[in-house]
Amino acid sequence: MDEKRTDTVIQALDRFQIELPSWGFANTGTRFGKFTQPAAASTVEEKFSDAGQVHAVTGVCPTVALHVLWDLPHGADDAPQVHALAATHGLRAGAINPNVFQDQIYKYGSLGNPDAAIRAAALTHLLDSVEIAERLGSRDLSLWFADGSNYPGTQNIRHRRKWFVDGLRTTHGKLSGDQRMLVEYKPFEPAFYHTDIADWGMALQFARDAGPRAKVLVDTGHHYQAQNIEQIVAWLLDLDMLGGFHFNDRRYADDDLTMGSIDPYQVFRIFHEILHFEWETGKRADIAYMIDQSHNLKGKIEAMIQTVTTAMELYAKAALVDHEKLAGYQTSCALVDAETCLKDAFSTDVRPVIREWSHSKGLPADPMDAFRQSGYLEKITAERSVRNAAAVSSYA
Ligand code: PSV
Ligand code: MN
């Protein structure tokens with residue numbers, strides 16, 4: 001690769017960061033069962049420790065998204081301890097994810113529940129989560145709701161929409177400083193007839209209703225099969241409403257497969273839309289890149305290292321698109337040349353430059369190998385396996 005292109009990749013990597021999900025290090029499963037791992041994390045300390053390993057070998061994931069119920073079960077009271085733990089592992093708390101979907105009271109929804117007392121309980125949790133975010137110095141409140149219904153005619157969709165507007169607006173009112181609120185959408189699951197925030201149009205409208213600090217969060221797994229996600233990204237960028245991503249890949253539905261494992265070209269096209277927007281406008285798109293994957297079968301830390309490495313490669317490839325040339329081809333409708341311009345960048349092997357970048361930062365050239373050589377996995381397996389096995393037998 002020539003010097004100019006090498007510099008382009010280096011500069012792209014210098015500004016690239018991606019957030020790890022705390023829940024990606026814990027034992028999870030499908031609704032059919034759980035295959036547990038002896039080394040899985042179960043405390044927030046272990047999650048930070050494991051995430052710290054991923055950051056130590058990749059250098060691009062200094063923050064960890066937290067789920068309030070799973071990581072801060074005592075709410076804001078846990079914040080000082082969590083703050084300190086993150087720092088111990090060279091990390092910071094990232095997006096704060098309230099949980100208004102697991103408690104029994106949320107059987108028929110949270111902010112969209114027909115029962116005003118349950119809506120109020122959900123709101124209290126959201127407001128507490130803003131407080132937690134503030135205490136942890138986290139900028140983003142990341143909102144996902146399982147609300148919806150399973151059977152036609154059983155819920156008043158319009159009433160639920162209005163209740164959502166009320167709840168989101170009140171939550172927005174508590175944001176301060178540089179805090180933002182990200183509204184995630186999902187077409188189905190766990191609700192299978194209607195979801196209260198089913199697609200990007202609904203998320204966009206809710207974000208606008210909530211207030212100026214609210215933006216849309218795009219989870220790549222939350223779309224119907226053939227949906228053109230990069231078009232949604234381009235629209236949200238143009239409207240200044242794109243706040244963040246939950247990256248994962250999918251083959252069928254919300255499969256939470258490894259980012260780029262099924263369709264790396266799609267992730268590339270998403271990054272390309274963002275970088276082309278930045279080139280054209282001269283503005284930096286303010287987007288939180290986050291991973292939302294929780295691997296059931298792959299080793300959890302290795303899965304994250306693999307994901308982060310893939311993200312770096314696809315971002316670097318997207319940075320190699322010759323924007324000026326592409327813009328010219330688009331204007332003159334030189335279709336083959338325009339598409340080739342994208343494909344050339346996508347086909348470039350950026351791995352040698354990434355290794356060079358890592359070396360220049362004092363990071364290992366091969367993150368996976370460095371992790372495997374570190375002995376960390378053996379150490380945590382020895383430390384956690386007995387406890388994790390006991391936890392498995394207690395499920396029975
Ligand atoms: C829901 O499917 C989701 O994508 C939301 O972002 C949750 O916070 C996350 O997965 C973990 O359950
Ligand atoms: Mn998500």
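In the predicted model described below, glutamate 189 falls in the loop between S6 and S7. Although glutamate 189 is not a glycine, its phi is positive, at about 80°, and the peptide bond that leads from glutamate 189 to proline 190 is cis, with omega near 5°. Proline 190 has its place in the loop between S6 and S7. Glutamate 189 counts as partly exposed because its relative accessibility is 28%, a value that lies between the limits of 20% for buried and 50% for exposed residues. A positive phi, near 55°, is also found at aspartate 240, a residue other than glycine, which is placed in the loop between H8 and S9. With a relative accessible area of 54%, aspartate 240 is exposed.

Histidine 246 belongs to strand S9 (residues 242-247), whereas aspartate 292 sits in the loop between strand S10 (288-291) and H10, so the pair ties together parts of the chain that are 46 residues apart in sequence. Histidine 246 and aspartate 292 are both buried.

Another histidine, histidine 223, is located in the loop that runs between strand S8 (214-219) and helix H8 (229-238). Histidine 223 is classed as buried because its relative accessible area is 3%, the limit for this class being under 20%. When residues up to four places away in sequence are left out, the contacts of histidine 223 are with Tyr185, Pro187, Val218, Ile229, Ile232 and Arg250.

In soluble globular proteins, nonpolar side chains tend to be buried together. The largest nonpolar core of the model holds 108 residues, of which Ile18, Phe245, Phe271, Ile274 and Tyr289 touch the most other members. Helix H10 (residues 300-319) supplies the largest share of this core, namely eleven residues. Apart from this core lies another, made up of seven residues, including Ala65, Ala95, Leu217 and Met290. Phenylalanine 271 touches Phe16, Phe247, Met259, Tyr289, Ala311, Leu314, Tyr315 and Ala318, again not counting residues up to four places away in sequence.

Side chains of opposite charge can pair when their charged atoms come close. With a cut-off of 4 Å between a side-chain nitrogen of Lys or Arg and a carboxyl oxygen of Asp or Glu, the count comes to 21 salt bridges. In one of these, the side chains of arginine 160 and aspartate 196 meet at 2.8 Å, N to O. This pair links distant parts of the chain, 36 residues apart, since arginine 160 lies in helix H6 (residues 157-173) and aspartate 196 in the loop between strand S7 (194-195) and helix H7 (200-210). Arginine 160 is buried, with a relative accessible area of 0%, and aspartate 196, at 8% relative accessibility, also counts as buried.

A further salt bridge joins aspartate 286 to arginine 180, with the closest N and O atoms 3.9 Å apart. Aspartate 286 lies in the loop between helix H9 (264-281) and S10, while arginine 180 lies in strand S6 (residues 180-184), so the pair ties together parts that are 106 residues apart in sequence. Aspartate 286 is partly exposed, with a relative accessible area of 42%, whereas arginine 180 is buried, at 7%.

Within helix H15 (residues 376-395), lysine 379 and glutamate 383 are four residues apart, about one turn of the helix, and their side chains meet in a salt bridge of 3.5 Å, N to O. Lysine 379 is partly exposed, with a relative accessible area of 45%. Finally, a network of salt bridges links Glu46, Asp50, Arg384 and Arg387.

Key:
Residues are numbered from 1 along each chain as its sequence is written. Chains are lettered from A and ligands numbered from 1 in the order in which they are written. This is a predicted model: local features need pLDDT of at least 70, side-chain atom pairs count only at pLDDT 80 or more; totals for chains, interfaces and linings use all residues. Side-chain values use heavy atoms; hydrogens and water are left out. Helices (H or I, at least four residues) and strands (E, at least two) are DSSP runs, numbered from the N terminus. Buried means under 20% relative accessible area, exposed over 50%, partly exposed in between (1.4 Å probe, protein chains only). Contact means heavy atoms within 4.5 Å. A nonpolar core is a set of buried Ala, Val, Leu, Ile, Met, Phe, Trp, Tyr and Cys residues joined through side-chain atoms within 4.5 Å.
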